[in-house]
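Here is a friendly walk through one protein chain, with the sequence and the structure side by side. Please keep both in view while you read.

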Amino acid sequence: MDGPLPHDTTIFDPTGEPMAFRHALGTFATGVTIITCDSVDGPVGITANSFASVSLDPPLVLWSPAKTSSRFNLFRDAAHFAIHILSEDQRDAAAGFTRSKSAFDGLDWTRGAQGVPLLTGSLAVFECALQATHDAGDHLIIIGQVTQARTRPGTPLVFQGGRYRALHPES
(Lines give C-alpha, C1' and ligand atoms only; values in the text may rest on other atoms or scores of the structure.)
Protein backbone atom coordinates (compact mmCIF):
# COMPACT_ATOMS: atom_id res chain seq x y z
CA MET A 1 0.00 0.00 0.00
CA ASP A 2 1.47 3.32 -1.04
CA GLY A 3 1.07 6.42 1.08
CA PRO A 4 0.09 6.88 4.70
CA LEU A 5 -2.50 4.73 6.44
CA PRO A 6 -5.83 6.33 7.33
CA HIS A 7 -5.57 8.08 10.73
CA ASP A 8 -7.97 5.62 12.42
CA THR A 9 -6.03 2.49 11.41
CA THR A 10 -4.87 0.25 14.28
CA ILE A 11 -1.84 -1.99 13.84
CA PHE A 12 -1.39 -4.83 16.36
CA ASP A 13 0.22 -8.20 16.97
CA PRO A 14 -2.62 -10.78 16.77
CA THR A 15 -0.71 -13.17 19.04
CA GLY A 16 -0.60 -10.62 21.85
CA GLU A 17 -4.06 -9.15 21.28
CA PRO A 18 -6.48 -12.01 20.50
CA MET A 19 -9.62 -9.92 21.05
CA ALA A 20 -8.39 -7.27 18.61
CA PHE A 21 -7.68 -10.09 16.14
CA ARG A 22 -11.19 -11.48 16.66
CA HIS A 23 -12.65 -8.01 16.09
CA ALA A 24 -10.60 -7.60 12.89
CA LEU A 25 -11.86 -10.98 11.63
CA GLY A 26 -15.41 -9.86 12.45
CA THR A 27 -15.18 -7.07 9.88
CA PHE A 28 -15.49 -9.74 7.19
CA ALA A 29 -19.13 -10.49 6.33
CA THR A 30 -19.87 -14.20 6.06
CA GLY A 31 -22.82 -16.33 5.24
CA VAL A 32 -24.37 -18.32 8.07
CA THR A 33 -24.65 -22.10 8.02
CA ILE A 34 -25.97 -24.84 10.22
CA ILE A 35 -24.02 -28.08 10.09
CA THR A 36 -25.94 -31.23 11.03
CA CYS A 37 -25.03 -34.85 11.63
CA ASP A 38 -26.58 -37.86 13.29
CA SER A 39 -25.25 -39.24 16.56
CA VAL A 40 -26.04 -41.97 19.07
CA ASP A 41 -28.02 -39.29 20.95
CA GLY A 42 -30.02 -38.32 17.86
CA PRO A 43 -29.76 -35.39 15.45
CA VAL A 44 -27.14 -32.73 16.21
CA GLY A 45 -26.60 -29.27 14.76
CA ILE A 46 -24.26 -26.32 15.17
CA THR A 47 -24.22 -22.82 13.69
CA ALA A 48 -21.01 -21.97 11.83
CA ASN A 49 -19.70 -19.26 9.54
CA SER A 50 -16.46 -21.11 8.73
CA PHE A 51 -17.71 -22.55 5.44
CA ALA A 52 -15.93 -22.46 2.08
CA SER A 53 -15.92 -24.23 -1.23
CA VAL A 54 -12.73 -26.15 -1.95
CA SER A 55 -13.06 -27.91 -5.32
CA LEU A 56 -15.52 -28.42 -8.15
CA ASP A 57 -13.95 -31.69 -9.32
CA PRO A 58 -14.39 -33.54 -7.08
CA PRO A 59 -17.04 -31.43 -5.32
CA LEU A 60 -15.46 -30.55 -1.96
CA VAL A 61 -16.43 -28.09 0.78
CA LEU A 62 -15.01 -27.35 4.21
CA TRP A 63 -15.95 -26.02 7.59
CA SER A 64 -14.07 -25.66 10.87
CA PRO A 65 -15.49 -26.48 14.32
CA ALA A 66 -13.77 -25.16 17.44
CA LYS A 67 -12.09 -27.85 19.51
CA THR A 68 -13.57 -26.25 22.65
CA SER A 69 -17.14 -26.82 21.44
CA SER A 70 -19.15 -29.33 23.44
CA ARG A 71 -20.22 -30.73 20.04
CA PHE A 72 -16.71 -31.02 18.64
CA ASN A 73 -16.32 -34.80 19.09
CA LEU A 74 -19.70 -35.48 17.46
CA PHE A 75 -18.71 -33.65 14.28
CA ARG A 76 -15.08 -34.82 14.30
CA ASP A 77 -16.31 -38.42 14.34
CA ALA A 78 -19.20 -38.04 11.86
CA ALA A 79 -18.78 -39.99 8.62
CA HIS A 80 -21.59 -37.93 7.04
CA PHE A 81 -22.84 -34.41 7.63
CA ALA A 82 -24.87 -31.69 5.91
CA ILE A 83 -24.08 -28.02 5.49
CA HIS A 84 -27.12 -25.71 5.25
CA ILE A 85 -26.72 -22.21 3.78
CA LEU A 86 -29.33 -20.23 5.70
CA SER A 87 -31.89 -17.82 4.29
CA GLU A 88 -32.50 -14.48 5.97
CA ASP A 89 -35.70 -15.85 7.55
CA GLN A 90 -33.76 -18.62 9.38
CA ARG A 91 -32.19 -16.27 11.96
CA ASP A 92 -34.00 -18.00 14.85
CA ALA A 93 -32.69 -21.40 13.76
CA ALA A 94 -29.14 -20.01 13.58
CA ALA A 95 -29.48 -18.55 17.08
CA GLY A 96 -30.98 -21.80 18.39
CA PHE A 97 -28.06 -23.92 17.24
CA THR A 98 -25.53 -21.53 18.79
CA ARG A 99 -27.03 -22.44 22.18
CA SER A 100 -28.11 -26.07 21.82
CA LYS A 101 -27.03 -29.07 19.80
CA SER A 102 -30.64 -30.23 19.71
CA ALA A 103 -32.47 -27.08 18.59
CA PHE A 104 -34.58 -29.09 16.14
CA ASP A 105 -37.81 -28.48 18.09
CA GLY A 106 -40.19 -26.41 15.98
CA LEU A 107 -38.13 -26.82 12.80
CA ASP A 108 -39.16 -28.74 9.70
CA TRP A 109 -36.56 -31.33 8.84
CA THR A 110 -36.14 -34.76 7.29
CA ARG A 111 -33.35 -37.32 7.10
CA GLY A 112 -31.11 -37.66 4.07
CA ALA A 113 -29.89 -40.87 2.46
CA GLN A 114 -27.22 -41.38 5.16
CA GLY A 115 -29.55 -40.49 8.05
CA VAL A 116 -28.22 -36.93 8.33
CA PRO A 117 -30.81 -34.34 9.46
CA LEU A 118 -31.75 -31.95 6.63
CA LEU A 119 -33.38 -28.62 7.50
CA THR A 120 -36.23 -27.43 5.30
CA GLY A 121 -36.09 -23.84 4.00
CA SER A 122 -32.34 -23.44 3.57
CA LEU A 123 -31.06 -21.73 0.42
CA ALA A 124 -28.68 -24.61 -0.22
CA VAL A 125 -27.97 -27.95 1.41
CA PHE A 126 -24.82 -29.97 0.79
CA GLU A 127 -24.93 -33.58 1.95
CA CYS A 128 -21.35 -34.66 2.53
CA ALA A 129 -19.21 -37.71 3.18
CA LEU A 130 -16.13 -37.02 5.30
CA GLN A 131 -13.14 -36.75 2.98
CA ALA A 132 -10.37 -35.42 5.28
CA THR A 133 -9.61 -33.52 8.45
CA HIS A 134 -6.69 -31.20 9.17
CA ASP A 135 -5.57 -29.88 12.53
CA ALA A 136 -5.64 -26.08 12.54
CA GLY A 137 -4.77 -24.57 15.92
CA ASP A 138 -7.86 -24.31 18.08
CA HIS A 139 -10.08 -25.59 15.23
CA LEU A 140 -10.27 -28.66 13.00
CA ILE A 141 -10.74 -28.24 9.26
CA ILE A 142 -13.29 -30.78 8.05
CA ILE A 143 -13.45 -31.42 4.31
CA GLY A 144 -16.50 -33.14 2.91
CA GLN A 145 -17.16 -34.57 -0.52
CA VAL A 146 -20.59 -33.40 -1.59
CA THR A 147 -22.73 -36.41 -2.51
CA GLN A 148 -25.95 -34.47 -3.11
CA ALA A 149 -26.87 -30.79 -3.24
CA ARG A 150 -30.08 -28.83 -3.42
CA THR A 151 -30.77 -25.13 -3.78
CA ARG A 152 -33.60 -22.61 -3.92
CA PRO A 153 -33.76 -18.87 -4.59
CA GLY A 154 -33.72 -16.38 -1.75
CA THR A 155 -31.63 -13.93 0.26
CA PRO A 156 -28.91 -15.33 2.53
CA LEU A 157 -28.47 -14.71 6.24
CA VAL A 158 -25.24 -12.75 6.77
CA PHE A 159 -23.10 -12.24 9.89
CA GLN A 160 -20.69 -9.32 10.34
CA GLY A 161 -19.39 -7.35 13.30
CA GLY A 162 -20.83 -9.78 15.84
CA ARG A 163 -24.42 -9.66 14.57
CA TYR A 164 -26.73 -10.78 11.82
CA ARG A 165 -27.11 -8.34 8.93
CA ALA A 166 -29.52 -7.83 6.08
CA LEU A 167 -28.40 -7.55 2.48
CA HIS A 168 -29.82 -4.67 0.52
CA PRO A 169 -30.36 -5.00 -3.23
CA GLU A 170 -28.46 -2.62 -5.48
CA SER A 171 -30.41 0.47 -6.44
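## A buried glutamate

Glutamate 127 is buried, with a relative accessible area of 6%. Here buried means under 20% relative accessible area, exposed means over 50%, and partly exposed lies in between (1.4 Å probe, protein chains only). This is a predicted model, in which local features need pLDDT of at least 70 and side-chain atom pairs count only at pLDDT 80 or more, while totals for chains, interfaces and linings use all residues. Residues are numbered from 1 along each chain as its sequence is written, and side-chain values use heavy atoms, with hydrogens and water left out.

You will find glutamate 127 in strand E9, residues 124-136. Helices (H or I, at least four residues) and strands (E, at least two) are DSSP runs numbered from the N terminus. Leaving aside residues up to four places away in sequence, glutamate 127 touches Phe81, Ala82, Gly112, Ala113, Leu118, Gln145, Val146, Thr147, Gln148 and Arg150; contact means heavy atoms within 4.5 Å.

One of these contacts has a charge partner: glutamate 127 forms a salt bridge with arginine 150, and the closest N and O atoms are 2.9 Å apart. A salt bridge is a side-chain nitrogen of Lys or Arg within 4 Å of a carboxyl oxygen of Asp or Glu. The pair links distant parts of the chain, with glutamate 127 in strand E9 and arginine 150 in strand E10, 23 residues apart. Arginine 150 counts as partly exposed, at 37% relative accessibility.

## The sheet around it

Where does E9 sit in the order of the sheet? Seven strands form an open sheet, running E3-E2-E6-E9-E10-E5-E4, with antiparallel pairing. Two strands pair if DSSP finds at least two bridges between them. The edge strands are E3 (42-48) and E4 (51-55), each of which pairs on one side only. On average, neighbouring strands of this sheet are turned by 35° against each other, direction ignored.

E9 and strand E10 (residues 139-151) run antiparallel and are joined by 12 bridges. Within this pair, aspartate 135 stands opposite leucine 140 in E10.

Axes are lines fitted to C-alpha atoms, for helices over the stretch in contact, and angles run from 0 to 180 degrees between N-to-C directions.

Which residues of H3 are buried? They include Ala93, Ala94, Ala95, Gly96 and Phe97. The buried residues of H3 pack against E2, E3, strand E8 (117-119) and strand E12 (163-165). Although E3 is an edge strand, seven of its seven residues are buried, so E3 is largely enclosed by the rest of the structure.

## Two nonpolar cores

A nonpolar core is a set of buried Ala, Val, Leu, Ile, Met, Phe, Trp, Tyr and Cys residues joined through side-chain atoms within 4.5 Å. The largest one has 16 residues, of which Ile35, Cys37, Trp63, Phe75, Phe81, Ile83 and Ile142 touch the most other members. At least two residues of this core come from each of E2, E3, strand E5 (60-63), helix H2 (72-76), strand E6 (80-85) and E10.

Look at isoleucine 83 as an example: its contacts beyond four places in sequence are Thr33, Ile34, Ile35, Phe51, Val61, Trp63, Ala124, Val125 and Phe126. A second, separate core of 11 residues includes Leu86, Ala103, Phe104 and Tyr164.

## Other salt bridges

How many salt bridges are there? The count comes to four. Among them, the side chains of aspartate 38 and arginine 111 meet at 3.2 Å, N to O. Aspartate 38 lies in strand E2 and arginine 111 in strand E7 (residues 109-111), so the pair ties together parts that are 73 residues apart in sequence. Aspartate 38 is partly exposed at 35% relative accessibility, and arginine 111 is partly exposed at 40%.

Lysine 67 and aspartate 135 also meet in a salt bridge, at 2.1 Å from N to O. This pair links lysine 67, in the loop between E5 and H2, with aspartate 135 in strand E9, 68 residues apart. Lysine 67 is partly exposed at 33% relative accessibility, whereas aspartate 135 is exposed, with a relative accessible area of 58%.
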